[in-house]
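Welcome! Here is a short briefing to read alongside the structure.

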Amino acid sequence: MFSACADPSTLDGLAWLTCYLTTGKHLSFYAAFGTVLLLLAITAPAALAFGLGGAMAARSHFAPLSWLGKAYIAIVRGVPDVAFFLFFVIALDQGLEYVRHQVKCPDWDQPVRQGSDFLVCPAAKMPLGNAPQWVHESYGFALAVVTFAIVFGAFAANVLYGAMRAVPRAQVETAEAYGMTRRQAFRRIIVPQMWIYALPGLGNLWMVLIKATPLLFLLGVEDIVYWARDLGAAKTPRFTDYPHPDWRMWYFLALLVFYLAFTRISEIIIARLTRRLSHGQDTAAGEALRRANVA
């Protein structure tokens with residue numbers, strides 16, 4: 001098959017389509033689905049960690065820490081995601097380069113800010129100009145992960161903060177009456193029980209995170225949206241061995257099917273988690289499980 005693909009002009013029908021769908025760009029397109037899944041696999045626990053830290057800070061009895069936690073939740077949630085993504089990536093990238101510039105080029109006598117340009121010495125570039133392509137791609141992906149984690153961590157913090165407050169206060173008071181410290185009551189009573197109250201909000205946040213992955217395209221990562229737009233656009237014989245009209249509708253239809261299937265699988269998993277966490281809980285779902293077991 002691959003030897004036949006050496007001369008696409010001699011192909012027609014299914015053979016042409018098979019060769020077309022196995023080009024190098026299409027392999028990159030298929031790999032981009034893995035990039036999206038990897039982003040979700042890393043960002044979800046990272047955002048949950050940010051969220052748990054933000055929620056714990058917000059409910060802290062130490063006023064400055066509580067203000068910091070509440071400010072993090074309010075500020076990040078109050079800024080449009082696209083604006084924050086574009087701002088934070090630029091700010092973080094330039095901040096890292098500025099610190100490296102101060103360390104590696106102390107004798108640099110030119111201003112870093114020159115009008116609208118941000119110029120640092122070549123040794124301070126992130127990554128270096130002569131770095132391999134995979135380093136540039138990994139750096140852009142890492143910036144995307146950090147940005148996603150901070151943004152969705154603020155929403156997760158708000159959800160977890162409410163879930164912590166939803167745990168019946170009587171249980172905490174009983175634990176303290178039995179001699180538990182406030183920290184022990186938090187770790188043994190609040191944290192284990194808060195997840196059933198947080199799961200609906202976290203489930204919705206997971207769905208939003210899935211739908212936000214196309215924003216990778218705005219952050220310079222070659223994701224599935226980038227490749228779908230590039231591959232689906234009309235191609236002429238002058239630029240490719242596989243000319244075709246505008247096929248973007250079909251490529252984006254494939255993305256639609258992918259996202260619908262992925263969100264449906266997520267809904268099934270979340271429903272099973274809800275059922276499992278509802279056992280023994282004083283919630284509507286827990287009461288329904290108790291009645292089902294009695295019947």
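Are helix 4 and helix 5 parallel, perpendicular or oblique to each other? This is a predicted model, where local features need pLDDT of at least 70 and side-chain atom pairs pLDDT 80 or more, while totals for chains, interfaces and linings use all residues. Residues are numbered from 1 along each chain as its sequence is written, and side-chain values use heavy atoms, without hydrogens and water.

**Helix 4 and helix 5**
- Helix 4 (residues 81-104) packs on helix 5 at about 130°, with the axes 10 Å apart; axes are lines fitted to C-alpha atoms over the stretch in contact, and angles run from 0 to 180 degrees between N-to-C directions.
- The two helices are therefore oblique to each other (under 35 degrees is roughly parallel, over 145 roughly antiparallel, 65 to 115 roughly perpendicular, the rest oblique).

**The largest pocket**
- About 590 Å³ of space lies in the largest pocket (a pocket is an open set of points on a 1 Å grid where a 1.4 Å probe fits, with protein on both sides within 12 Å along at least five of seven lines; lining residues have an atom within 4 Å of a point).
- It has 21 lining residues, with Arg 59, His 61, Arg 182, Phe 186 and Ile 190 closest to its centre.
- Helix 7 gives the most to this lining, seven residues.

**The second largest pocket**
- This pocket holds about 470 Å³.
- Of its 20 lining residues, those nearest the centre include Ala 44 and Trp 206.

Note on methods: Points joined across faces, edges and corners; volume = space filled by probe spheres on them. Helix = DSSP H or I, 4+ residues; strand = E, 2+ residues; numbered from the N terminus.
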